[in-house]
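Have a look at the model first.

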Amino acid sequence: IAFFTLLIFASNLQAQDPLRKHSIGLSQTFVDYNVQLLNKELFVFDSSLSNFTRFSYQYKLSNWWMVNTGITNGFIDNQRIKEQFLQRAFVVGWDAALMLKLNNGKILKENPLVAPYLTFGYRFDYVNKLKEFDEAPLITSNQFGAGVNLRITPRTHLQLQTAVNQKLAGDFNTHIQYRFGLTQSLGKSKSEKNVPSEEYDLLISEQITTI
């Protein structure tokens, strides 16, 4: 929280510009195993849940596309495997996804208050405890869904996302994933790099006055 507070404070001293390509993020991800679309079981009424903390890096490829990758660690709770009950298991993972921006200057302006997107990617989770059940510890899934970035400051956004998460082996179960967190853009924009120092100081002063 202190780290992101410092970044938000620093971002308020910069001019608003949608051209920064790099950003980092910190979020919480939940997977609800009560929703199994392929089995047509919308409500199983158990307490199975995954909870992950995710640190991510995001790069803007173009006005239309971004790539987002992240590492996660967390727990899977209350799973039933081969008629046995697994109360809790530690998980580490990595994921990568392409994001189709709707705030691309054609559909929506590039830096709106609400910036929706579509996403598709893959996820890899390693659950060492699965070895005790004679199961492969590496779980591979694909993910496709939609999300929205809500602008807090010119550089800081609240990111909300919902995705369908399907395993690519075993029972091929399909679950629902929820994610919420903060993203923070980094570095100077092209316009800031081309502004002479005196003009840049004036630009910062004008921004502070605006705030």
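Predicted model: local features only at pLDDT ≥ 70, side-chain atom pairs only at ≥ 80, totals over all residues.

Residues are numbered from 1 along each chain as its sequence is written, and side-chain values use heavy atoms, with hydrogens and water left out.

**Overall layout**

- The chain has three helices and eight strands; these are DSSP runs numbered from the N terminus, with helices being H or I of at least four residues and strands being E of at least two.
- Along the sequence, the order is α-β-β-β-β-β-β-β-β-α-α.
- Of the 211 residues, 41% count as buried (buried is under 20% relative accessible area, exposed is over 50%, partly exposed is in between, with a 1.4 Å probe and protein chains only).
- Among contacts (heavy atoms within 4.5 Å) with a separation of 6 or more, 57% are between residues 24 or more positions apart.
- The accessible surface comes to about 11900 Å², and 63% of that belongs to carbon and sulfur atoms (Shrake-Rupley method, 1.4 Å probe; for residues, only the protein chains shown count as cover).

**Aromatic pairs**

- The count is four aromatic pairs, where rings of Phe, Tyr and Trp (its six-membered ring) pair if their centres lie within 6.5 Å, and planes under 30 degrees apart are stacked, over 60 edge-to-face and the rest tilted.
- One of them is Phe-75 with Phe-90: the centres are 5.7 Å apart and the planes are at 70°, so this pair is edge-to-face.
- That pair links distant parts of the chain, with Phe-75 in strand 3 (residues 65–81) and Phe-90 in strand 4 (residues 84–101), 15 residues apart.
- Phe-75 is partly exposed at 31% relative accessible area, and Phe-90 is partly exposed at 45%.
- Phe-120 and Tyr-122 also pair edge-to-face, at 5.5 Å centre to centre with 80° between the planes.
- Phe-120 is partly exposed at 40%, as is Tyr-122 at 39%.

**Charges over rings**

- Arg-88 lies over the face of Phe-75, 4.3 Å from the ring centre (the cut-offs: NZ of Lys or CZ of Arg within 6 Å of the ring centre and within 35 degrees of the ring normal).
- The charged end of Arg-123 sits over the ring of Phe-52, 4.6 Å from its centre.

**Gln-79**

- Gln-79 lies in strand 3 and counts as buried at 16% relative accessibility.
- Its C-alpha atom is 9.0 Å from that of Tyr-33, although Gln-79 and Tyr-33 are 46 residues apart along the chain.
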